[in-house]
Amino acid sequence: MDKRKELFESIKDYLLDEANRKADGRIETETELATRFNTSRYKVRQVLSTLVQMGMLERAPRRGSLLKNVGQCSINDQLLMQFDLSGFDISEFTEARILVECAIIPLATRRIFPAMISKLENELRLIEENADNPQIADQHDRDFHLLLLQASGNRVLQVFSDVLIAYFEKT
């Protein structure tokens with residue numbers, strides 16, 4: 001790993017660790033971070049600017065910097081943007097979606113509850129009823145898979161799958 005990336009990872013990891021200990025999300029000044037990591041303020045400023053672009057940090061003159069509480073929507077947006085920039089082939093997304101959805105089935109079968117089974121059955125019925133209208137059938141197919149993800153109870157898989165579904169909708 002090159003020194004710039006190493007510095008970025010060190011500062012990012014430190015700030016995330018600090019955020020877990022502090023309630024207000026405030027971070028040290030550029031000068032304090034530069035001293036802590038034995039580097040220049042300029043290099044610290046570059047790292048902090050990258051964290052702002054990633055949506056992890058909020059900076060304001062004379063008020064300092066705050067680590068943002070990143071929610072699921074923000075994570076989805078960031079991942080989707082990274083996928084857009086990545087240039088991945090649609091076949092890679094299809095493969096990833098299949099793998100994620102297959103991995104969810106054992107979790108969903110252990111955690112599913114009767115009301116969710118009823119919702120899944122309803123979506124399957126709607127898919128069959130709309131077989132002659134692919135656009136509507138595809139919408140119900142997507143809803144079926146989202147319900148399956150919900151049934152798994154795993155938020156990380158849900159975020160990842162939300163990004164894949166959003167990507168498929170865009171393409």
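Colleague: In this predicted model, between which two helices does the loop that holds Asn 38 lie?
Modeller: Asn 38 is not a glycine, and yet its phi is positive, at about 50 degrees. The loop in which Asn 38 is placed runs between helix H2 (30–36) and helix H3 (41–53).

Colleague: Is Asn 38 buried or exposed?
Modeller: A residue counts as exposed when its relative accessible area is over 50%. Because the relative accessibility of Asn 38 is 73%, the residue falls in the class called exposed.

Colleague: What is the class of Asn 130, buried or exposed, and where does the residue sit?
Modeller: Asn 130 belongs to the loop between helix H6 (114–129) and helix H7 (134–152), and residues up to four places away in sequence aside, it touches Ile 136, Ala 137 and His 140. The cut-off for burial is under 20% relative accessible area. Since Asn 130 has a relative accessible area of 16%, it is buried.

Colleague: How many helices and strands make up the secondary structure of the chain?
Modeller: Read along the sequence, the pattern is α-α-α-β-β-α-α-α-α-α. The secondary structure therefore comes to 8 helices and 2 strands.

Colleague: Which residue of S2 is the bridge partner of Ala 60?
Modeller: Strand S1 (residues 57–60) and strand S2 (residues 64–67) run antiparallel and are joined by 4 bridges. The hairpin they form has 3 residues between the strands, and in it Arg 62 takes a positive phi near 65 degrees. The bridge partner of Ala 60 in S2 is Gly 64.

Colleague: Which element gives the most residues to the largest nonpolar core?
Modeller: This core has 15 residues, of which Leu 15, Ile 27, Leu 33, Leu 48 and Leu 51 touch the most other members. The elements that give it two or more residues are H1, H2 and H3. With 5 residues, the element that gives the most to this core is H1.

Colleague: Which residues does Leu 15 touch, apart from those up to four places away in sequence, and how many residues are in the second core?
Modeller: Leaving out residues up to four places away in sequence, Leu 15 touches Ile 27, Leu 33, Leu 48, Leu 51 and Leu 67. Ile 104, Leu 107, Met 116 and Phe 144 are among the members of a second, separate core, whose residues number 12.

Colleague: What separates the C-alpha atoms of Arg 4 and Lys 43?
Modeller: Arg 4 lies in helix H1 (residues 3–21) and is exposed, with a relative accessible area of 65%. Along the chain Arg 4 and Lys 43 are 39 residues apart, while the separation of their C-alpha atoms is 8.3 Å.

Colleague: What share of the residues of the chain counts as buried?
Modeller: The accessible surface of the chain comes to about 11,400 Å², and 53% of it belongs to carbon and sulfur atoms. Of the 171 residues of the chain, the share that counts as buried is 32%.

Definitions and conventions: Residues are numbered from 1 along each chain as its sequence is written. This is a predicted model: local features need pLDDT of at least 70, side-chain atom pairs count only at pLDDT 80 or more; totals for chains, interfaces and linings use all residues. Side-chain values use heavy atoms; hydrogens and water are left out. Buried means under 20% relative accessible area, exposed over 50%, partly exposed in between (1.4 Å probe, protein chains only). Contact means heavy atoms within 4.5 Å. Two strands pair if DSSP finds at least two bridges between them. Accessible areas come from the Shrake-Rupley method with a 1.4 Å probe; for residues, only the protein chains shown count as cover. A nonpolar core is a set of buried Ala, Val, Leu, Ile, Met, Phe, Trp, Tyr and Cys residues joined through side-chain atoms within 4.5 Å.
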